[in-house]
Amino acid sequence: MIPLLPTPYVDHLLHPRGVGDVTLAQAAGEVGSMVGGGGVRVTLAWREVGRRAVLDEVMARAFGSHALLAPASALVTAALGMHEEQAKALQARDLASLLRGPGAQAPALPAAVERGCALVAEAFLRALGVESAGRPADPLGVGLLVCRCLGVGDRQVRQAVREGARTPEQVGDRCRAGTGCRSCRPDLWTLIDEAVPLQPVAGGGDPHPVARIVWLHGGRALGCLGMRLRRVRVLDDAVEIAVEPARARPDTQEMGAVAIVRHLLRETVGPQVPVRLDAGP
């Protein structure tokens, strides 16, 4: 069976708030990395209201895991306007509660998203300087680790893309990322394609939340590999997808599309959602 999902969670996943970095950030917190299964960066800026500083800007970037997207969005929603004491009291369970919504009968969050709430809360508390959460990050530093061989962070890769890099090789020419073991090439493609927006993915007629998740996030992930999602069907016991691989990169195959969508749903819906190719016309 395809599990039910809380409505607020689906809303944050499909319409994430505050994605990015505060331009003139006064503080930052980072947890994890792209090469370690996922990471998140939170950046903050304050303003004075009366005699008290409140959070005027909060933004977050999630890396390498779709399970972090909704918790990061929930954090931005919850933290804006908080004063320091309120902000330091924010915990992972507060983000989870916001994503579940009111009512004791609300569906449970996917386990990966519950863990994502903990990572996002930790990054936020690091940005606030809460000692028990770990060290703050440099708001102007290299960012989260992308290339382990050369120690290159995401901000350095983004700068290379802003300067015109459109392939991992061009990124490597500018900042050396991806010129070692090359295992970070998929992450480089992700950052390149994030900075060069794709054409919007047209969703199908199925309004099921899982179909909408696949159209938005799965469609983008496949688009980054040159594949186009043609159809998504949510059945009682599985999700079926149809893809057009004609413009795929040479190492991309249809079964790779199934693996990508399966991983997406494992993080955002549940670990036991079967995905298969729809061979229909």
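**Reading the fold**

Q: Among contacts between residues at least 6 apart in sequence, what percentage join residues at least 24 apart?
A: Keep in mind that this is a predicted model. Take the contacts in the chain between residues at least 6 apart in sequence, then pick out those joining residues at least 24 apart: that share is 59%.

Q: How many helices and strands does the chain have?
A: Just go along the chain and tally its secondary structure. The count comes to ten helices and eight strands.

Q: What is the radius of gyration of the chain, and why can we call the chain as compact as a globular protein of that length?
A: The chain has 281 residues, and the globule rule gives 19 Å for that number. The chain's own value is close to that, so it is as compact as a globular protein of that length, with a radius of gyration of 19 Å.

Q: What share of the residues in the chain is buried?
A: Here, a residue counts as buried if its relative accessible area is under 20%. Out of the 281 residues in the chain, the buried ones make up 47%.

Q: Which strands stand at the edges of the open sheet, and why is one side of each left without a neighbour?
A: Three strands form this open sheet, in the order β6-β7-β8, with mixed pairing. The two edge strands each have a single partner strand, so one side of each is left without a neighbour in the sheet; they are β6 (228–234) and β8 (275–277).

Q: Which residue in β8 is the bridge partner of Val239?
A: Strand β7 covers residues 239–244 and pairs with β8 in the parallel sense, over three bridges. Look across to β8 for the bridge partner of Val239, and you land on Val275.

Q: Which helix packs on this sheet?
A: Look for a helix that touches both β6 and β7. Its direction makes about 160 degrees with that of β6, and it spans residues 209–223: that's α9.

Q: Within what arc do the buried residues of α4 fall?
A: In helix α4 (residues 92–100), the buried residues are Leu95, Ala96 and Leu99. An α-helix has 3.6 residues a turn, so residues three or four places apart point the same way. Seen down the axis of α4, its buried residues line one face of the helix, because they fall within an arc of 100 degrees.

Conventions. Residues are numbered from 1 along each chain as its sequence is written. This is a predicted model: local features need pLDDT of at least 70, side-chain atom pairs count only at pLDDT 80 or more; totals for chains, interfaces and linings use all residues. Side-chain values use heavy atoms; hydrogens and water are left out. Two strands pair if DSSP finds at least two bridges between them. Helices (H or I, at least four residues) and strands (E, at least two) are DSSP runs, numbered from the N terminus. Contact means heavy atoms within 4.5 Å. Axes are lines fitted to C-alpha atoms, for helices over the stretch in contact, and angles run from 0 to 180 degrees between N-to-C directions. Buried means under 20% relative accessible area, exposed over 50%, partly exposed in between (1.4 Å probe, protein chains only). The arc is that of the directions from the helix axis to the C-beta atoms. The radius of gyration is taken over C-alpha atoms; the globule rule is 2.2 Å times the number of residues to the power 0.38.
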